[in-house]
Amino acid sequence: MAEPAAARLTIDLDALAHNFQVLAREAAGAELAPVVKSDGYGLGAGPVARRLWIEGARCFFVARLAEGEALRGALGTDRPAVIYVLDGFTHGAGPRLAAAALTPILCTLPQVAAASAWAAGQHQALRCGLNIETGMNRQGLIPDEVNALVQSRGGLRGLDVELVMSHLGSATEPEDVRNNEQLARFLEVRGEFTEARSSLAASAGIFLGPAYRGDLVRPGVSLYGGGPLERPDARLRAVATLTAPILDIRNLRPGDIVGYGASVRLDRPTRVAVVAAGYADGVIRAGKAGGYAWLGGARRPLLVVNMDLLVIDIGEAPAQIGQPVELLGPNALLDDLAAAAGTVAHEVLVRLSRRAERVYLGEA
Ligand SMILES: *Cc1c(COP(=O)(O)O)cnc(C)c1O
């Protein structure tokens, strides 16, 4: 491959497949249903899902209706996956859900009523899931609402509930009592739907042990290389690698100011490289302190992150103009950069922009 003249985002689908298999082993007994919302965490829901189909994935989750439609198109008729839409049966969604054969996860009473009315009009049962609110207070039917639906005649008329799910709010903190409380509330409601499959765990939940796995697990970030406990996990491989070439190398003196304002004033002679990437490519500006790039086998502190350019302290490292610097990848670790920016790996991934040239490895 010729050395790139601009930032390049390499998406390694072999690494994605590796992570899928690591999670599948960990979740032994449960089916992996990859979460590919927000265009596959910014990495391309189509290429991601097509590769995961080869690895054995047959169910996928998206958030929005439009994401489900796009995914159905990307999978095509040869890959008839179940596609769950977490937003559920939103206003007027019936025809679109039906046209793209999407399965809504109902999460409010009005949604249940609308879905039931739609099914009656179609003279056909609607396959759907139910999202149960168990302690995150974000999305889902509260257990009392579900009980009322189950007990009322016709509350769920026309609905073929094939999945009962909930979402954990503290799975990245395995000792948190909320995990146990959510599990207990979930199992109680789940017991009302013996025919349905159950799903509780996202990436972190898979690692909480067998009780949390249910029939279907919903990993997102760990498929893409983010550690389940929000720190680097050596079992997982980096899927996204962002590199950009060095544009210039400068020898700066004590007292020199680098970049805008005066926040970076050097107190010693410093050799820096100016790199052809910035926050417009997805390098988060807030992650400058504590963040690093990778060059010449070592971490190099970020001094400046501007829209198109960044400046790194390269010390004595051998370096030349045009040489690529790793800004995210197997050495500049996703979870480290997220922590430096005060955010989570999910956000770092979805901020990777379309400006960087995209290269897929291992495409199906
Ligand atoms: C985003 C999401 C997931 C995936 O979470 P990760 O932390 O990325 O594994 C699973 N379930 C629901 C309901 C989600 O919103």
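**Entry 1: a working definition**

A residue counts as exposed when its relative accessible area is over 50%, as buried when that value is under 20%, and as partly exposed in between. I start here because proline 318 has a relative accessible area of 66%, which makes it exposed. I also note for myself that this is a predicted model.

**Entry 2: the chain as a whole**

The chain has 364 residues, and 52% of them are buried. Its secondary structure comes to 11 helices and 16 strands. Taken along the principal axes, the C-alpha atoms fill a box of roughly 80 × 45 × 40 Å.

**Entry 3: back to proline 318**

Where does proline 318 lie? I found proline 318 in the loop between strand E14 (310–313) and strand E15 (324–328). I then checked its distance to leucine 295, which is 23 residues away along the chain. The two C-alpha atoms are separated by 8.9 Å.

**Entry 4: glycine 297**

Is glycine 297 buried or exposed? Its relative accessibility is 56%, so glycine 297 counts as exposed. I located glycine 297 in the loop that runs between strand E12 (292–295) and strand E13 (298–305). From glycine 297 to asparagine 331 there are 34 residues in sequence, and 8.7 Å in space from C-alpha to C-alpha.

**Entry 5: valine 36**

Here I turned to a loop with another kind of residue in it. Valine 36 belongs to the loop between strand E2 (31–32) and helix H2 (37–41). With a relative accessible area of 1%, valine 36 falls under the 20% limit and is therefore buried.

**Entry 6: the ligand and its surroundings**

Which residues come nearest to the ligand? Of the 14 residues around it, they are Lys37, Tyr41, Ser203, Gly220 and Val221. Sorted by class, this shell has 7 nonpolar, 4 polar and 3 charged residues.

A backbone N or O atom of valine 221 is 2.7 Å from an oxygen atom of the ligand. For glycine 220, a polar backbone atom lies 2.8 Å from a ligand oxygen. Histidine 167 takes part through its side chain, where an N or O atom is 3.5 Å from a nitrogen atom of the ligand. On its own the ligand has 390 Å² of accessible area, and the protein covers 89% of that.

Last, I looked at backbone angles. Most residues other than glycine have a negative phi, so I wrote down the residues below as worth a look.

Asparagine 137 is not a glycine, yet its phi is positive at about 55°. I found asparagine 137 in the loop between strand E6 (126–131) and helix H7 (143–151). Its relative accessible area is 67%, which means that asparagine 137 is exposed.

Glutamate 230 also has a positive phi, near 65°, and is a residue other than glycine. Its place is in the loop between strand E9 (216–217) and strand E10 (240–252). Is glutamate 230 exposed or partly exposed? At 44% relative accessibility, glutamate 230 counts as partly exposed, because this value lies between the 20% and 50% limits.

Conventions
Residues are numbered from 1 along each chain as its sequence is written. This is a predicted model: local features need pLDDT of at least 70, side-chain atom pairs count only at pLDDT 80 or more; totals for chains, interfaces and linings use all residues. Side-chain values use heavy atoms; hydrogens and water are left out. A residue is near a molecule or strand if one of its heavy atoms lies within 4 Å of it. A polar contact is a pair of N or O atoms within 3.5 Å; within protein, one must be able to donate a hydrogen and the other to accept it, and residues adjacent in sequence count only if both atoms are side-chain atoms. Accessible areas come from the Shrake-Rupley method with a 1.4 Å probe; for residues, only the protein chains shown count as cover. Ala, Val, Leu, Ile, Met, Phe, Trp, Tyr, Cys and Pro count as nonpolar, Asp, Glu, Lys and Arg as charged, and the others, Gly among them, as polar. Helices (H or I, at least four residues) and strands (E, at least two) are DSSP runs, numbered from the N terminus. Buried means under 20% relative accessible area, exposed over 50%, partly exposed in between (1.4 Å probe, protein chains only).
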